[in-house]
Amino acid sequence: MSDAINGKPPVSFWIVAGVALVWNLIGLFMYYSGVSATPEQLKAVYSPEQFAAIEATPAWVTSAFAIATTFGVIASIVLLLRKALAFLLYVVSFVALLIQDLYLFLLSDSLAVFGSSLFVIQGSVFVGGVIWIWYANFARNRGWIS
C-alpha cells in the first residue's frame, strides 16, 4: 500500500530492474563477443556451414543486434533511475530484435543451419523483451517511474 501512496517502488522493483540489467548486459556481451571474434575463433566454435552463415549476415542485421542490445542496457539503467523513458527504450530495443529475427527466421537459412537452439535462444530473448516492456509500463502505471 505504501508504494501507491508515495510512489516508492517495492523491493521487487529493484530486483526485477536489476535482473533486466543483467539480462541485457549478457545480450550486449553476446553481441560484442560475436563482432570482436576473429574468423579463426569463430571457425573453432562453429561448423563450416554455421561459419558461412555468420559471414554472410548482412550489416543491417548486425546493426539491429547492436541496437537491440545497446538500447536494452540503456533502458535497464534508465529503469533503475526510475525514469519512464525506459518504456520507450525497451520498445526500440524490441523493434530492433524483431528486425533481426525477420532475417534469422524468414530471410535466411539460419534455422536450418543452427537448428532448434536458434529458436530457443531467440524465443527466450523475444519473451524477455516482452517482459521488460510490460514491466516498464507496469512500473509507470504504478507511479514507480516517471
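Let me start with a term: contact means that heavy atoms lie within 4.5 Å. Helices (H or I, at least four residues) are DSSP runs, numbered from the N terminus. What you see is a predicted model, in which local features need pLDDT of at least 70 and side-chain atom pairs count only at pLDDT 80 or more, while totals for chains, interfaces and linings use all residues. Residues are numbered from 1 along each chain as its sequence is written, and side-chain values use heavy atoms, with hydrogens and water left out.

We begin with α5, which has 22 residues and reaches 32 Å from its first C-alpha to its last, close to the 32 Å expected at 1.5 Å a residue; the expected span is 1.5 Å times one less than the number of residues. After α5 comes R82, whose phi is positive, near 65 degrees. Several residues of α5 are buried, among them A68, G72 and L79, where buried means under 20% relative accessible area, exposed over 50%, and partly exposed in between (1.4 Å probe, protein chains only). The cover over the buried residues of α5 includes α2, α6 and α8.

Turning to α6, we find 23 residues and a reach of 32 Å from first C-alpha to last, close to the 33 Å expected at 1.5 Å a residue. Its buried residues include Y90, S93 and F94, and what covers the buried residues of α6 includes α2, α5, α7 (110–114) and α8.

Is S93 buried or exposed? S93 is called buried because its relative accessible area is 9%, and, leaving aside neighbours within four places in sequence, S93 is in contact with A68, F71 and G72.

Next, the core: a nonpolar core is a set of buried Ala, Val, Leu, Ile, Met, Phe, Trp, Tyr and Cys residues joined through side-chain atoms within 4.5 Å. The largest one has 21 residues, and those with the most contacts inside it are F13, L79, Y90 and I145. The elements that give two or more residues to this core are α2 (11–36), α5, α6 and α8 (116–142), with α6 giving the most, six residues. With neighbours within four places in sequence left aside, the contacts of Y90 include G72, L79 and W132.

Finally, W60 lies in helix α5 (residues 59–80), and W60 counts as partly exposed because its relative accessible area is 42%.
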